[in-house]
Amino acid sequence: MKCSDKTCNCYIFHEETLNKVKSTLIEDDKIMEISNYLKVLADFTRIKILEAIKDEYLCVCDIGHLLGLTKSAISHQMKTFKKYKMVESKKEGKMVYYKLSNKIVSDFIDNVSKEVELI
């Protein structure tokens, strides 16, 4: 069967399978949200920060010292992490401590790390 899309000049050989797949596709707006979420994790500095705080609460100053980053740079990243609910914070006096709180993100980084070792 010829494709009904005028921009496409192909044949459809497995129409039933295509209809089944089409019915399970995630909607474009949701895919955009997923893409934006993954962009947060597609940054060298952000991954380093998340690795640093995956098991321990650290303040911005300690993270900066550990990773060689400015407090401003880390604070900026923390704002992004909070937006996507990847970190939790606790305040002690004037100090704010952060820790990776999202198990899915932690597992994702661990799994990708293991996958990269196989390449």
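**Strand order and helix packing in the predicted model**

Three strands form an open sheet in the order β1-β3-β2, with antiparallel pairing, where strands are DSSP runs of E of at least two residues and helices are runs of H or I of at least four residues, both numbered from the N terminus, and where two strands are taken to pair if DSSP finds at least two bridges between them. The model is a predicted one, in which local features need pLDDT of at least 70 and side-chain atom pairs count only at pLDDT 80 or more, whereas totals for chains, interfaces and linings use all residues. Residues are numbered from 1 along each chain as its sequence is written, and side-chain values use heavy atoms, with hydrogens and water left out.

Between β1 and β3, which run antiparallel, there are 2 bridges, and Cys59 has Tyr97 in β3 as its bridge partner. The pairing of β2 with β3 (residues 95-100), also in the antiparallel sense, extends over 6 bridges; Glu88 is partnered there by Lys99 of β3, and Lys91 by Val96 of β3. In the hairpin of β2 and β3, 2 residues lie between the strands, and Gly93 takes a positive phi near 65°.

A positive phi, of about 55°, is also found at Lys85, although this residue is not a glycine. Lys85 belongs to the loop that links α5 (71-83) to β2 (87-92), and with a relative accessible area of 66% Lys85 is exposed (exposed means over 50% relative accessible area, calculated with a 1.4 Å probe on protein chains only).

Turning to the helices, α3 (residues 44-52) packs against α6 (residues 103-118) at an angle of about 110°, with the axes 11 Å apart; the axes are lines fitted to C-alpha atoms over the stretch in contact, and angles run from 0 to 180 degrees between N-to-C directions. The helices α3 and α6 are therefore roughly perpendicular to each other, a term that covers angles of 65 to 115 degrees. In the contact, defined by heavy atoms within 4.5 Å, Ile47, Leu50 and Glu51 of α3 meet Val105, Ile109 and Asp110 of α6. The residues of this contact divide into 4 nonpolar, no polar and 2 charged, with Val, Leu and Ile among the types counted as nonpolar and Asp and Glu among those counted as charged.

Methods:
Buried < 20%, exposed > 50% of the residue type's maximum accessible area, 1.4 Å probe, protein only. Parallel < 35°, antiparallel > 145°, perpendicular 65-115°, else oblique.
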